[in-house]
Amino acid sequence: MITVAQVLGLHGLDLKPLVTGDVALPVSWVATSELQDPTPYLNGGEIILFTGLTRRPAHPTWESYVRRLAEQGVVALGMGVGGGLTWDHVPKELVEAAHRVGLTLFEVPEQTPFLRIIQDVARLRAAEERRALETTLANQRALTRAAAAVEGSAQVLRTLAELLPGAWAAVSSADAEIRERSAPGIPPLPSERSLEELVGRLQGAGLLGSLSESGPRGVVVIHPLGVYGEPHGYLIVVLPRAVESSQAATIATAVTLLSLHGERAAEQRLSQRRVRAGAVALLLGGDIRAGDALLAVAGDEGWGKHVRKVRAVRLRGSATDTQEAIRRIEAHAQRTGHRVLTGTSTAIGSNFGATTNEEEMPVLIEDSDLSQKALRQAVETIEICVGIGGSAALEATATSHSEALHALERTGGRQRVVAWDDIVTGGASGLLPPEPARAWARTFLEPLVAQGPAGSRLIMTLRVFLDHNGNRRRTAEALGVHRNTLLNHLSLVERAFRRSLDDPQLRADLWIALHLPGDHQNRPTQA
């Protein structure tokens, strides 16, 4: 960037500043014009050279002339003066007008041709462009070396921040979650918008969208990363000042390298996922040695040696929701270091001739309270059903997977996540198939239900009796009835079933029938 100060300091031109405005302004070009109003032919950023040929001493109109130039974006005004020119000195009225407007004004001696000034500025620009090109090439080489390092993407970000003074760089996911960064934390953004809002503005634009937003604290630049399809992430660069052309080229190089690295990483993840899916199938089949050996091929060694307990998980949902759930689960595993293996998805067959468009997928997670909590959080906003098996040793993975399948069968409605532990806590009734169990309970309790209101009172008495473990005294107290009244009601129950309530089998059957999950028909209330 060539500035007004650089032009004024050109060697051998003897340019004499008379009014010093903002000499740090960039110069786009140097032009000569003797027009009364040259502004229609200017783009802004120019230095205007003139001799005042059309402005005779008797008719000075400097105020409006200078103001029009400044409003058009002219950064400096140079007037040629001398004995052989229209003016032998810069008029006082012009100096005062330039001072009021704040426009840099300088004197050009008669012996300094305007053409020489233009040529010198052209040489400055050529030298600047050459330096920018050399800098860009050097930066490209530095970034390429960084990309070839072991920590390719992370090293690219650190190198990019070093090449752009004061910069901070990061790669985020599509939902603005920072994956890698050049330095800890997130610096203050130039505008009032959050990082989520800025990235959100690019949603739907694919690989064609980019964003640059400036403010008092600098500028933030965001570019999508990817080669085809939807972006797999975004490069975010925060700088303390406006981006120069060479810096923009350096950022573009980083975008290219990070996009290629992302595609290569995606291919590697796909290959590793296929290998791990094969290992999951082996582990579910009980072949721990072969499964562990296959995991070693995918660079995921140590399941057999370091993982003490696992849980099998079964996911069911649309392909899109299932993949999103897997992405979140694996992202959590990557952040926390917990081990996760995903299996191969299988399409769920058609239902009465209609395709369900759903699939199921097994997942193996290292067992911990934190991993279960994270699993529930990962799927709570996704339309997906999840069955979580019980904790098991690695060699008993198949048992945990069977439990996950049973738990998955009990999902539905608002209950989209069911854990085997919850089923076990609910008692043996929770392990029975829901519909057949409820049909059995209705048939089993029919001798009481058929008696109408009297039977409902007997069922209520029976429930309290079972809740107090068959203790007749405590049952009578809980019901607020005389002990003889209770004994009479219990004898009616025994007569209806033709069995004694001291029979453990009858008590167990009655308990299950009266405590089936979701069975409200057999839960009478006291009138």
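Which hand does the crossing of H16 and H17 have? The crossing of these two helices is right-handed. Please keep in mind, as you look around, that this is a predicted model.

## How H16 and H17 meet

Let us stay with this pair of helices for a moment. H16 and H17 pack with their axes 9 Å apart, at an angle of about 125°.

You can find the meeting place by looking for a few side chains. On the H16 side they are Met460, Thr461, Val464 and Phe465, and they meet Arg472, Thr475, Ala478 and Leu479 of H17.

## The largest nonpolar core

The largest nonpolar core of the model has 24 residues. Phe444, Leu445, Leu462, Phe497, Leu501 and Leu510 are the ones with the most contacts inside this core. At least two core residues come from each of these helices: H14 (434–444), H16 (453–467), H17 (472–479), H18 (483–497) and H19 (504–514). H16 gives the most, with 7 residues.

As background, nonpolar side chains tend to be buried together in soluble globular proteins.

## Two loops with a positive phi

Now for the links between some of these helices. Asn469 sits in the loop between H16 and H17. Asn469 is not a glycine, yet its phi is positive, at about 55°. With 64% relative accessibility, above the 50% cut-off, Asn469 counts as exposed.

Arg498 is found in the loop between H18 and H19. Here again a residue other than glycine has a positive phi, near 60°. Arg498 has a relative accessible area of 78%, so this residue is exposed.

## H7 and H8 side by side

Another helix pair is worth a visit. Helix H7 covers residues 245–284 and helix H8 covers residues 288–297. Their axes are 8 Å apart, and the helices pack at an angle of about 170°. H7 and H8 are therefore roughly antiparallel to each other, as the angle is over 145 degrees.

In this contact, H7 brings Val275, Arg276, Gly278, Ala279, Leu282 and Leu283. They meet Ile288, Ala290, Gly291, Leu294, Leu295 and Val297 in H8.

## A group of aromatic rings

The whole structure holds 6 aromatic pairs. In one of them, the rings of Phe50 and Tyr65 have centres 5.6 Å apart and planes at 45°, so the pair is tilted. This pair links distant parts of the chain, as its two members are 15 residues apart. Phe50 belongs to strand E3 (residues 46–50), while Tyr65 belongs to helix H2 (residues 62–72).

Are these two residues buried or exposed? Phe50 counts as buried, at 2% relative accessibility, and Tyr65 is buried as well, with a relative accessible area of 1%. Phe50 and Tyr65 form one aromatic cluster together with Trp62 and Trp87.

## A buried asparagine

A last stop is Asn139, which is found in helix H4 (residues 114–147). Its relative accessible area is 10%, so Asn139 is buried. Leaving aside residues up to four places away in sequence, Asn139 touches Leu163 and Thr250.

Terms used:
Residues are numbered from 1 along each chain as its sequence is written. This is a predicted model: local features need pLDDT of at least 70, side-chain atom pairs count only at pLDDT 80 or more; totals for chains, interfaces and linings use all residues. Side-chain values use heavy atoms; hydrogens and water are left out. A nonpolar core is a set of buried Ala, Val, Leu, Ile, Met, Phe, Trp, Tyr and Cys residues joined through side-chain atoms within 4.5 Å. Buried means under 20% relative accessible area, exposed over 50%, partly exposed in between (1.4 Å probe, protein chains only). Helices (H or I, at least four residues) and strands (E, at least two) are DSSP runs, numbered from the N terminus. Rings of Phe, Tyr and Trp (its six-membered ring) pair if their centres lie within 6.5 Å; planes under 30 degrees apart count as stacked, over 60 as edge-to-face and the rest as tilted. Axes are lines fitted to C-alpha atoms, for helices over the stretch in contact, and angles run from 0 to 180 degrees between N-to-C directions. A crossing is left-handed if the near helix is turned anticlockwise from the far one by less than a right angle, and right-handed if clockwise. Contact means heavy atoms within 4.5 Å. Angles under 35 degrees count as roughly parallel, over 145 as roughly antiparallel, 65 to 115 as roughly perpendicular and the rest as oblique.
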